[in-house]
Amino acid sequence: MSDLHTISLIPQFPLRRVGEELERLRASAPLVHCLTNEVVQSITANVLLALGASPAMIVAEAEVADFASMADALLINVGTLYPARLAVMQAAVVAANAADTPWVLDPVAAGVLAYRTDALHVLMQQKPAAIRGNASEIMCLAGEFASGKGVDSTAQSASAIAAAKRLAQQTGAIVVVTGEVDYVSDGEVTWAVPWGHVLMTYVVGTGCALSAVVAAFVAGASDRLAAVAAACAVMAIAGERAESACDGPGTFLPAFLDALYIMQPAMLKAADE
Ligand SMILES: Nc1ncnc2c1ncn2[C@@H]1O[C@H](COP(=O)(O)OP(=O)(O)O)[C@@H](O)[C@H]1O
Ligand SMILES: Cc1ncsc1CCOP(=O)(O)O
Ligand SMILES: [Mg+2]
């Protein structure tokens, strides 16, 4: 089947379900343990707070296992990986799995460098609830010969749909490949999440912050596929609204945080009626 035919058959995730999932997140205000890179600490915490979740960046080796056990979800982002950080991430993942804390993997720059790619191949076998990456990253983890331009993708998300499905089947995780359209798959069912704006790629950390939002939505979710798709939709819709209220990257970020904060579940639910 051609790629174009496959894409045309992928249904759009319904706004009604986005509203329901956002309502659930706001009611539970999940505590999200973030082990992420230095570049995006602030945008990640601010995005989670604007949405109604509680971020905490607990990084000490002596504390991560305990905190991963008490958090509602854990984020592992390898953007600025080095040996001590990897050891801390491994300890957090083991503790999260022991405590049934769902965790999300952001494979920043998978395929670009051997050290992080090898580490990611180990991490992805440790039962992440979700994996969120751009097209180059997802294709690499799925076993294709792919390499981005540093942390950025050199491929379109549509060209990584088959890779996302395969990676979901291999790992048991919900897999998201982001780009102009995000695709979210459990290996059987795949949703398309449109909206968004290219200006989101001119502000560092929108992808990393999305992975933290995926963790927040996965916390306590009874339908993980829907939770992850809703996370993507909320970010994309906020990106689109922020673009229409800003002049460029500098004013995008505050407008984006405002759009997340004022997003109303009831309006999303009514939009499908
Ligand atoms: N061309 C685009 N048009 C609309 N939204 C986009 C576009 N590219 C990326 N996005 C959005 O930006 C966010 C970050 O995605 P992406 O740039 O793929 O991740 P990363 O920053 O990890 O490379 C996602 O919410 C995605 O939907
Ligand atoms: C620029 C950079 N360098 C290492 S991690 C990082 C942030 C990447 O953020 P994102 O994947 O959200 O674009
Ligand atoms: Mg990224």
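Predicted model: local features only at pLDDT ≥ 70, side-chain atom pairs only at ≥ 80, totals over all residues.

Visitor: Which residues of helix H4 are buried, and why do they lie on the same side of H4?

Guide: An α-helix has 3.6 residues a turn, so residues three or four places apart point the same way. Helices here are DSSP runs of H or I with at least four residues, and strands are runs of E with at least two, numbered from the N terminus. A residue is buried if 20 or more other C-beta atoms, placed from the backbone, lie within 10 Å of its own, exposed if 12 or fewer, and partly exposed in between. In H4 (residues 61-70), the buried residues are Val 64, Phe 67 and Ala 68. They cover an arc of only 100° around the axis (taken from the directions from the helix axis to the C-beta atoms), which puts them on the same side of H4.

Visitor: What covers the buried residues of H4?

Guide: The cover includes strand S1 (31-35), strand S3 (73-77) and helix H5 (83-99).

Visitor: In the loop between H5 and strand S4, is Thr 101 buried or exposed, and how does Asp 100 stand?

Guide: Thr 101, in the loop between H5 and S4 (103-106), counts as buried because it has 23 C-beta neighbours inside 10 Å. Asp 100 lies in that loop between H5 and S4 too, but with 7 C-beta neighbours inside 10 Å it counts as exposed. Asp 100 also has a positive phi of about 60°, although it is not a glycine.

Visitor: What is Thr 101 in contact with, beyond its neighbours within four places in sequence?

Guide: Contact means that two C-beta atoms, placed from the backbone, lie within 7 Å. By that rule Thr 101 touches Ala 68, Ser 69, Ala 71, Ala 73, Leu 74 and Ala 96. The C-alpha atoms of Thr 101 and Leu 74 are separated by 7.0 Å, although the two are 27 residues apart along the chain.

Visitor: How many residues surround ligand 1, and which element gives the most to the shell?

Guide: A residue belongs to the surroundings if its C-beta atom, placed from the backbone, lies within 6 Å of the molecule. There are 17 such residues around ligand 1, the closest being Asn 134, Thr 178, Gly 196, Met 200 and Gly 207. Helix H9 (206-218) and helix H10 (224-243) each give two or more residues to the shell, and H9 gives the most, with three.

Conventions:
Residues numbered from 1 in each chain as written. Chains lettered and ligands numbered in written order.
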